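Morning, everyone. Please look at the screen, and we'll go through this one together.

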Amino acid sequence: MYPIHVNLSGKTVIVAGGGLVAYRKIKDFLNEEAIITVISPAAVNEIQEWHSEQKLTWIEREVKREDLEEAFLIIAATNSNETNSWIASHAKTNQLVNVADHLELGNFIVPSVIRRGRLLLSVSTGGASPSLSKSIKKELQQTFSEDYETYLEFLFECRAIIKKEYPEACRRSLLRELTDSRFLSDKEKQNVYKQALMNKVDRNLASKTTKE
């Protein structure tokens with residue numbers, strides 16, 4: 001399978017099933033600002049609470065074919081293999097479908113994910129070993145600490161300054177310098193470097209104004 005990251009903001013996501021598997025899937029979708037509809041005769045307390053808080057819509061019945069019509073992404077996570085297979089077979093070819101515990105019936109899989117602000121790491125064993133995937137995820141969580149969240153914001157802001165204000169001839173060396181490990185966990189050095197970039201821009205602007 002080809003790995004991609006999909007923007008789900010404003011997209012319609014249908015989740016068939018209201019158990020723990022569905023709950024785990026939905027938890028990630030909530031962070032993506034997707035429009036989520038859960039269709040299931042019953043649902044765990046967390047899903048019911050999200051419905052009460054209007055974070056999603058819960059329809060308290062079995063899934064119907066028309067429920068799938070406008071979906072961008074479909075999760076088949078009922079406790080019935082027959083129902084899950086039926087959902088996969090009735091999805092359109094241009095829809096994304098994930099079938100819990102029977103990955104071969106869908107056309108995409110949901111990897112284990114580590115988020116550190118703008119940094120997104122995903123791990124998948126292609127269904128061969130979810131346990132190994134979880135183990136690798138734990139290792140990555142230790143390797144990529146929460147320092148990366150601040151660090152990525154620093155990189156993003158500095159890159160924007162460099163690309164907008166600095167000549168192309170010197171951009172590559174400046175962008176490479178940003179990845180120096182000394183910035184990773186030292187917020188003071190990040191602030192000093194970013195301020196230095198801005199100061200140089202201000203000096204250049206002042207010099208240009210004086211000449212004019």
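Take C158: the nearest cysteine sulfur, that of C170, is 14 Å away. C170 is in no disulfide either.

A word on the source. This is a predicted model, where local features need pLDDT of at least 70, side-chain atom pairs count only at pLDDT 80 or more, and totals for chains, interfaces and linings use all residues. Residues are numbered from 1 along each chain as its sequence is written, and side-chain values use heavy atoms, with hydrogens and water left out.

Back to the cysteines. C158 is buried, at a relative accessible area of 0%. C170 is partly exposed, at 22%. Buried means under 20% relative accessible area, exposed over 50%, partly exposed in between, with a 1.4 Å probe and protein chains only.

Now helix α5, residues 147-165. Helices (H or I, at least four residues) and strands (E, at least two) are DSSP runs, numbered from the N terminus. The buried residues of α5 include C158, Y151, L155 and I162. An α-helix has 3.6 residues a turn, so residues three or four places apart point the same way.

Finally, the whole chain. It holds seven helices and seven strands. Of its 212 residues, 32% count as buried. Its C-alpha atoms fill a box of roughly 75 × 40 × 35 Å, taken along the principal axes.

Notes. Expected span 1.5 Å × (residues − 1). Disulfide = S-S within 2.5 Å.
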